[in-house]
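Here is a short tour for anyone meeting this structure for the first time. Have a look at the model, and then we'll start with the ligand.

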Amino acid sequence: MANLLIIGAGGVGSVVAHKCAQAAKYEQAFSHITLASRTRAKCDAIAQSVKKRLDADLSTAQVDADNVPELCALLRDLKPDLVCNVALPYQDLHIMDACLECGVHYVDTANYEPLDTAKFEYKWQWAYGERFREAGLTALLGSGFDPGVTNVYAAWALKHQLDEVQVLDIIDCNAGDHGQPFATNFNPEINIREVTARGRYWERGEWVETDPLSWSMTYDFPDGIGPKKCYLMYHEELESLVRNLKGIRRARFWMTFSDNYLNHLKVLGNVGMTRIDPVKFQGQDIVPIQFLAKLLPDPASLGPLTKGKTCIGDVLRGVKGGKEKTVYIYNICDHEACYAEVGSQAISYTTGVPAMIGAKMVASGLWRKPGVWNMEQMDPDPFMEDLNRYGLPWQCVEVR
Ligand code: NDP
């Protein structure tokens with residue numbers, strides 16, 4: 001049984017806390033759980049909700065995860081076996097540094113990002129491989145849904161369905177509606193940085209760039225969701241998957257957006273509000289996207305408002321026994337059911353459940369191996385079983 005520290009008490013952190021408390025209560029997966037963040041009051045509110053829903057106790061703490069000495073003092077005090085980092089991508093390297101210094105395993109859901117450039121690259125975190133190996137510590141990168149479950153689906157398909165994967169399309173559909181004029185369903189700054197970046201996909205051994213959201217297709221989603229327009233984007237899991245999937249020739253990532261969301265984004269972009277570089281305003285440096293993020297609804301507040309479903313999955317075309325075969329592996333998640341269970345909408349839920357499962361895999365030793373790893377480099381089977389057990393059941397259908 002592992003002592004767990006969760007860092008970050010936003011929309012995703014709340015789900016991770018609830019699901020870890022479930023795993024501790026029903027499977028004794030964790031002996032003790034502490035939730036720490038910059039604002040302790042948010043941790044306390046989540047701990048109260050966990051108490052009310054599960055009659056389980058969480059400890060809480062305040063920490064600035066950008067301050068490595070402060071973080072190390074907390075790690076030495078709590079002595080966790082494992083940190084689950086669901087703060088923001090800017091904190092990743094600081095938390096990895098503190099984990100190395102204090103001998104603690106590490107799990108996150110988003111690649112490290114410098115504040116002033118949007119890169120979506122693993123190079124900074126992969127550079128920690130040697131140090132984690134030498135320290136005998138495991139760092140598991142990208143244990144959310146996408147990245148995360150989408151990587152595990154690919155590894156599972158390669159293990160059970162296909163001899164090699166040649167074409168991968170990851171398709172992320174949020175068919176939910178929160179009724180707000182404009183809101184993002186996870187951290188606004190990170191979401192808008194991602195969506196406004198140039199598109200990129202992998203084709204025959206090289207990256208091909210596209211203008212932001214300039215390519216689209218219509219995909220007919222299952223379970224009554226129906227046809228939706230999906231836009232090609234770059235997404236970080238493509239970087240590791242094209243390295244690790246045997247035989248891959250083309251890999252793309254698609255996401256649905258409503259016309260309303262895109263119109264707002266276009267106007268905000270046109271007037272400079274999505275810029276990530278500092279601008280002088282009344283003698284002070286302000287970063288427009290950070291100011292915009294302050295004005296937008298907190299994604300954690302969308303839980304009671306959001307109705308509808310998400311459908312995120314992988315379409316994998318490859319070869320089995322010398323014949324061409326295509327499979328579609330996907331999960332359907334209902335916003336209102338998530339809210340009823342843990343008080344959050346489905347985007348936080350679909351990220352928080354796999355973050356808990358990744359932490360559980362490392363805590364149990366099933367996925368513990370020294371070094372820095374992406375999700376598809378681990379045995380997918382126990383993770384896929386836990387997805388079914390912890391609220392993200394999946395389907396695998398052959399596409400003909
Ligand atoms: P939120 O903005 O809702 O929450 C972020 C939390 O991190 C807040 O509690 C914030 O504290 C805390 N935080 C920020 N800076 C620090 C710091 N220096 N020290 C300590 N705590 C800090 O974000 P979300 O919950 O929406 O997203 C969390 C993470 O999940 C992000 O990295 C996001 O990219 C990732 N994500 C991954 C997905 C996937 O499928 N892989 C999908 C969706 C999100 P405070 O409240 O004080 O600001």
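## Around the ligand

The ligand is surrounded by 28 residues, and the closest are Arg 38, Thr 39, Lys 42, Ala 65 and Asn 187. Sort the shell by type and you get 13 nonpolar, 10 polar and five charged residues. Here Ala, Val, Leu, Ile, Met, Phe, Trp, Tyr, Cys and Pro count as nonpolar, Asp, Glu, Lys and Arg as charged, and the others, Gly among them, as polar.

Keep in mind that this is a predicted model, where local features need pLDDT of at least 70, side-chain atom pairs count only at pLDDT 80 or more, and totals for chains, interfaces and linings use all residues. Residues are numbered from 1 along each chain as its sequence is written, and side-chain values use heavy atoms, with hydrogens and water left out.

Gly 11 uses a backbone N or O atom, 3.2 Å from an oxygen atom of the ligand. Asp 66 has a polar side-chain atom 3.3 Å from a ligand nitrogen, and a side-chain N or O atom of Gln 91 sits 3.4 Å from a nitrogen atom of the ligand. On its own the ligand exposes 940 Å², and the protein buries 92% of that (Shrake-Rupley method, 1.4 Å probe; for residues, only the protein chains shown count as cover).

## Two domains

Domain 1 (2-144 + 353-381) and domain 2 (149-343) each give the ligand shell at least three residues; these bounds come from an automatic or database domain assignment.

## A lysine and a leucine

Lys 360 belongs to helix α13 (residues 346-364); helices are DSSP runs of H or I, at least four residues, numbered from the N terminus. Is Lys 360 buried or exposed? Lys 360 is buried, because its relative accessible area is 10% (buried means under 20%, exposed over 50%, partly exposed in between, with a 1.4 Å probe and protein chains only). Its side chain makes a 3.1 Å polar contact with the side chain of Glu 27.

Leu 238 is in helix α9 (residues 237-244) and counts as buried, at 0% relative accessibility. Leu 238 and Trp 202 are 36 residues apart in sequence, with 7.8 Å between their C-alpha atoms.

Technical notes:
A residue is near a molecule or strand if one of its heavy atoms lies within 4 Å of it. A polar contact is a pair of N or O atoms within 3.5 Å; within protein, one must be able to donate a hydrogen and the other to accept it, and residues adjacent in sequence count only if both atoms are side-chain atoms. Helices (H or I, at least four residues) and strands (E, at least two) are DSSP runs, numbered from the N terminus.
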